[in-house]
Amino acid sequence: MNNRFLTAMCFIVCVYASCKNPQQHAKNNKPYSEWGAYAGSKEGNRYSSNEEINLANVSKLKVAWTYSTHDKDAGNRSQNQCNPIMVDGILYATSPKLKLFALDAATGEQKWLFDPAKADTTNSGDPMAYYKVSRGVIYWQNKDGGEKRIFYSVGSKTFAIDAQTGGFISTFGHNGYIDLTKNLDRDTKSFVAGTTPGVVYKDLFIVGTRVAESADAAPGHIRAYDVRTGKLRWIFHTIPHPGETGYETWQDTAAYKKFGGANSWAGMALDEKRGLVYIPTGSIGGDFYGGFRKGKNLFANSLVALDAATGKLKWHYQVVHHDLWDRDLPANPNLITIQHDGKTIDAVAQITKFGYIYMFDRTNGQPVFPIVETPVPQKALPGEEPWPTQPIPTLPQPFARQMFNPEDVTDRTPEVHKEMLDKYNHVKNRIMFTPPSKEGGWIFPGFDGGGEWGGAAVDQETKIMYISCSEMPWAQVMIDVPKATSNGSLAGDGQIIYNKNCIGCHGPELKGNGSSYPSLVNIGKKYKEDQLSQIIASGRNMMPSFKQIAPNDKKALLAFLLKLPDAKAGKALAKEPINDRAGSTKTEKNVVDEVPYTMTGYNRFLDKDGYPGIKPPWGTLNAVDLTTGKLLWKIPVGEYPELTKKGIPVTGTELYGGPLVTKGGLVFLAATKDEKIRAFDKKTGKVVWEAKLPAAGYATPATYSVDGKQYVVIACGGGKIGSKSGDEYVCFGLGE
């Protein structure tokens with residue numbers, strides 16, 4: 001056989017292979033050119049080395065493709081916060097109804113679709129059962145690449161799906177899924193769900209969970225499962241058991257048996273070379289009163305470094321002691337390498353809701369910049385014991401304003417200023433970390449941040465961090481838990497159940513706050529008894545499941561909410577003692593009953609027209625140099641067109657979703673209420689491109705390269721803060 005013949009045969013084989021699979025794409029091995037994990041990489045940096053799209057040509061970006069499973073909720077109650085991943089030319093993502101799909105990443109053509117409603121036979125018929133939050137998926141393949149799996153969560157179930165076919169892997173876990181309510185080393189009836197994906201380390205996938213925020217919440221322990229079998233391989237107790245590090249930070253020696261929270265709902269980062277996983281945690285259940293959980297409360301509100309293979313603790317740092325302000329760590333940390341004091345430091349940076357960035361040597365947990373334990377106000381509600389100090393970093397500089405003073409109250413019009421200043425003065429306390437009180441205090445930045453689950457992007461060349469930030473004050477006002485009495489009626493019993501479980505979000509008068517927490521006044525005009533019962537059992541959007549409420553207690557709650565006459569609701573049930581009915585436990589009863597105070601609701605400081613009651617900016621993009629710790633620039637992002645027409649400078653809007661940064665000189669960010677995606681010059685913050693979306697992109701965009709062409713894709717789910725819901729993905733590329 002001569003060389004000419006061999007060359008010809010090779011050419012024919014190559015042409016045949018190309019024709020046989022015309023959508024197969026060459027893999028780009030350039031670091032950070034794909035988007036193979038949530039937040040772009042296991043380091044969590046939302047950074048891309050692609051530079052085909054750059055400052056010189058970004059103005060030519062056009063829609064390359066759109067895709068939808070057409071499953072948004074018609075009542076504008078659904079969302080889609082998914083940050084899609086892309087591996088070997090295939091994009092994997094989820095829909096508002098948590099259908100998982102695979103697309104050709106260059107064309108948007110569907111390759112397969114997995115519908116959990118068809119695979120999961122345990123759903124009880126709730127039409128909103130699959131409208132849960134999912135921010136992304138986990139990808140794994142074995143060493144030879146022959147086996148590829150997607151792990152993703154639908155509520156409390158984490159499924160294993162064949163990444164090549166979309167098929168259900170029935171040999172994994174329990175008939176194809178693991179139940180996140182199990183293997184917690186404690187029985188729980190409370191809400192547990194997977195929202196933000198974890199990470200894969202070798203043959204393990206490591207996950208956190210969202211849990212309830214009430215006093216009877218489930219524990220937020222971190223777990224690792226075998227990628228092939230679904231078998232639990234290790235567990236780290238975020239509420240330590242006897243003999244474990246941190247157990248001594250609880251005055252109650254039985255804390256591990258009954259308290260919950262300290263969960264990681266916002267993602268994590270992995271140092272694959274060292275085998276270390278970095279996990280941020282949230283607060284302990286019973287967010288705003290801690291008299292029943294005295295002490296520092298480890299490992300709540302902490303950055304925890306674990307051995308990824310074993311779950312053993314390497315180091316930790318608690319950024320809020322004895323949290324009374326719902327200061328969960330809201331996003332995955334960022335792994336970076338910087339020069340500091342003449343040394344190269346492999347560091348981990350953690351953003352917070354309150355606008356600080358904490359930075360540590362990722363090998364030992366030593367702060368990169370000094371952190372000062374600072375005395376904070378101590379006047380508190382009876383029975384409360386606030387921690388006397390809180391750790392405040394000297395650098396990096398905060399990316400959010402830290403004080404809300406009278407001169408900061410909106411002056412949009414003289415009338416609005418007068419109205420809002422009066423409301424402002426009714427809330428007495430203005431200093432951060434003032435303990436909750438009946439006089440009230442300003443949470444600023446608000447309960448949603450500051451920084452939030454969209455996370456931060458870090459340029460791997462310049463070491464500059466980009467952070468989207470909301471600057472909305474929220475009022476925290478405490479009241480006594482109302483001492484309702486049943487008076488022998490079922491509805492009266494139901495008011496007791498409401499006061500213990502619902503009043504913190506929906507308020508003592510059932511009015512909610514007009515956005516995330518709707519009014520329940522006249523709820524019977526919107527839902528029938530069976531529909532409302534399903535919502536209580538399954539949860540919806542921000543509302544978790546309350547399946548831990550005993551069946552007969554739930555009937556009483558429905559009687560109260562729907563104003564049902566006793567005859568219709570079942571009057572005989574009223575004779576049974578509240579919380580001693582079937583399905584209720586002594587532990588749950590005792591924990592809930594130890595909370596004597598509750599908040600009047602999650603109250604944004606909004607004027608009569610729905611605008612923030614603080615002077616702009618209301619939403620910003622910030623650039624922070626992690627080498628020097630200096631804030632380089634801050635610009636408002638998002639606008640209200642009706643205000644712009646009146647000559648008011650761009651105000652920014654509340655932001656939900658994070659940025660991505662590219663080697664091409666750009667930062668991309670959607671996240672705004674005005675339903676746009678924008679590109680910014682990463683050196684100056686100047687807007688260099690924008691496009692209108694079909695619905696607000698309350699998610700983090702992804703970018704990747706296929707066959708040398710770069711794309712940017714965003715999930716347009718809307719559904720938050722009064723926005724309409726959407727179900728499309730929009731992908732942008734350079735025009736021809």
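What follows is a short chat about a predicted model, covering a pocket, aromatic rings and strands.

Q: Let's start with the second largest pocket. How much space lies in it?
A: About 1,100 Å³.

Q: How many residues line the second largest pocket, and which lie nearest its centre?
A: The lining has 46 residues. G36, A37, K42, V200 and E272 lie nearest the centre.

Q: Which elements give two or more residues to that lining?
A: β7 (138–141), β12 (199–201), β17 (269–271) and β21 (334–340).

Q: And which of them gives the most?
A: β7, with four residues.

Q: How do the lining residues divide into nonpolar, polar and charged?
A: There are 17 nonpolar, twelve polar and 17 charged residues in the lining of that pocket.

Q: You mentioned β21. Which strand is joined to β21 by seven bridges?
A: Strand β22, residues 343–351. The two run antiparallel. As one example, I336 has A347 in β22 as its bridge partner.

Q: How many residues sit between β21 and β22 in their hairpin?
A: Two. D341 is in the turn, with a positive phi of about 50 degrees.

Q: What does β22 do with β23?
A: Five bridges join β22 to β23, which spans residues 357–361. That pairing is antiparallel. I351 stands opposite I357 in β23.

Q: Which residue takes a positive phi in the hairpin of β22 and β23?
A: G355, with phi near 90 degrees. The hairpin has five residues between its strands.

Q: Back to β21 for a moment. Is T337 buried or partly exposed?
A: Partly exposed, because its relative accessibility is 28%. T337 lies in strand β21.

Q: How far apart are T337 and D361 in space?
A: 9.5 Å, C-alpha to C-alpha. In sequence they are 24 residues apart.

Q: Switching to rings. How many aromatic pairs are there?
A: The count comes to 48.

Q: Take F668 and W689. Why is the pair edge-to-face?
A: The ring planes stand at 70 degrees, so the pair counts as edge-to-face. The cut-off for that class is over 60 degrees. The centres of F668 and W689 are 6.2 Å apart.

Q: Which strands hold F668 and W689?
A: F668 is in β36, residues 666–669, and W689 is in β38, residues 687–692. The pair therefore ties together parts 21 residues apart in sequence.

Q: Why does F668 count as buried?
A: Because its relative accessibility is 0%. W689 also counts as buried, because its value is 8%. The limit for buried is under 20%.

Q: Which residues do ring pairs link into a cluster?
A: F114, Y152, F159, F168 and Y177.

Q: Which lysine lies over the face of Y177?
A: K157, at 5.4 Å from the ring centre. Elsewhere, K720 lies over the face of Y656, at 4.5 Å from the ring centre.

Q: Last topic: the open sheet of five strands. What order does it have?
A: β1-β35-β36-β37-β38, with mixed pairing.

Q: Which are the edge strands there?
A: β1 (47–48) and β38. Each pairs on one side only.

Q: So how does β37 pair with β38?
A: In the antiparallel sense, over five bridges. β37 covers residues 676–681. I677 has A691 in β38 as its bridge partner.

Definitions and conventions: Residues numbered from 1 in each chain as written. Predicted model: local features only at pLDDT ≥ 70, side-chain atom pairs only at ≥ 80, totals over all residues. Heavy atoms only, no water. 1 Å grid on protein atoms, 1.4 Å probe; cavity = no way out; pocket = protein on both sides within 12 Å on 5 of 7 lines; lining within 4 Å. Points joined across faces, edges and corners; volume = space filled by probe spheres on them. Nonpolar A, V, L, I, M, F, W, Y, C, P; charged D, E, K, R; others polar. Phe/Tyr/Trp six-rings, centres within 6.5 Å; stacked < 30°, edge-to-face > 60°. Buried < 20%, exposed > 50% of the residue type's maximum accessible area, 1.4 Å probe, protein only. Lys NZ or Arg CZ within 6 Å of the ring centre and 35° of its normal. Pairing = 2+ DSSP bridges.
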